[in-house]
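Good morning, and thank you for coming. I shall present one chain and then the surroundings of its ligand.

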Amino acid sequence: MRVVRLSNSDEVLDELPLLASESEFVIADGPGSQTETSRALLLCADLAVIPCKASMMEARALSKNTSFVRQAQAIRKGPPDAIAVLSMVGRGYRLTKDMREAAMSLHLSLAETPIILRQAIADAPGQAKFCGNMGFAAREAARDLDTLFRELFPKIGLETASEIRMANDGE
Ligand SMILES: Nc1ncnc2c1ncn2[C@@H]1O[C@H](COP(=O)(O)OP(=O)(O)OP(=O)(O)O)[C@@H](O)[C@H]1O
Ligand SMILES: [Mg+2]
């Protein structure tokens with residue numbers, strides 16, 4: 001895995017297509033505060049994953065991000081696909097239901113799998129690790145993230161498996 005820092009919208013628009021042509025997947029983390037960079041990412045992305053906390057403040061942020069997505073979709077006549085993911089939620093259902101309603105009113109799909117507020121996720125950046133490499137204490141967080149990414153990219157495992165089979169058959 002290669003990590004690259006693109007620090008402004010020009011760098012994103014110039015370099016992201018090159019990175020995409022060299023890689024199987026490019027995952028970009030948009031800076032919440034810098035709107036131009038986020039817009040540039042949306043002009044390149046196949047899929048926009050929009051994390052949102054389950055509070056009304058975040059519902060407003062979701063509405064702003066959604067309007068960026070709609071603008072990019074209008075310019076590009078289709079892409080990117082967009083999906084909201086509930087982030088830092090407790091296990092209570094009330095807030096989750098509010099956000100489901102907020103997402104529905106924005107005509108945005110909402111991932112079934114939320115990211116639950118967990119100590120291991122808060123600890124991961126400080127340890128410079130992924131939850132999947134943090135052992136037993138992080139197992140539930142790692143499982144949540146795995147479930148989420150399987151939901152977001154349902155075909156990846158199958159495609160990879162069939163590609164491997166085809167490659168083996170060709171030998
Ligand atoms: N699911 C979670 N469980 C526990 N803590 C979390 C979770 N998600 C985020 N956090 C905490 O919140 C902090 C900020 O989260 P994160 O970096 O994802 O926010 P962000 O929206 O990307 O912020 P920025 O706009 O600065 O990029 C993290 O360092 C972590 O401590
Ligand atoms: Mg961030």
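Read along the sequence, this chain runs α-α-β-α-β-α-β-β-α-α-α. Here helices (H or I, at least four residues) and strands (E, at least two) are DSSP runs, numbered from the N terminus. The total is seven helices and four strands. Please note that this is a predicted model, in which local features need pLDDT of at least 70, side-chain atom pairs count only at pLDDT 80 or more, and totals for chains, interfaces and linings use all residues. Residues are numbered from 1 along each chain as its sequence is written, while chains are lettered from A and ligands numbered from 1 in the order in which they are written.

Let us turn to strand β1, residues 47-53. Ala-48, Ile-50 and Cys-52 point to one face and are buried, meaning that 20 or more other C-beta atoms, placed from the backbone, lie within 10 Å of a residue's own. In the whole chain, buried residues make up 20% of the 171 residues.

Strand β1 pairs with β2 in the parallel sense over seven bridges; two strands pair if DSSP finds at least two bridges between them. Within this pairing, Lys-53 stands opposite Ser-87 of β2.

Ser-87 is also among the residues around ligand 1, where near means a C-beta atom, placed from the backbone, within 6 Å. Which element supplies the largest share of this shell? It is α5, with three residues, among the residues around the ligand being Ile-121, Ala-122 and Pro-125.

Notes
A residue is buried if 20 or more other C-beta atoms lie within 10 Å of its own, exposed if 12 or fewer, and partly exposed in between; C-beta atoms are placed from the backbone.
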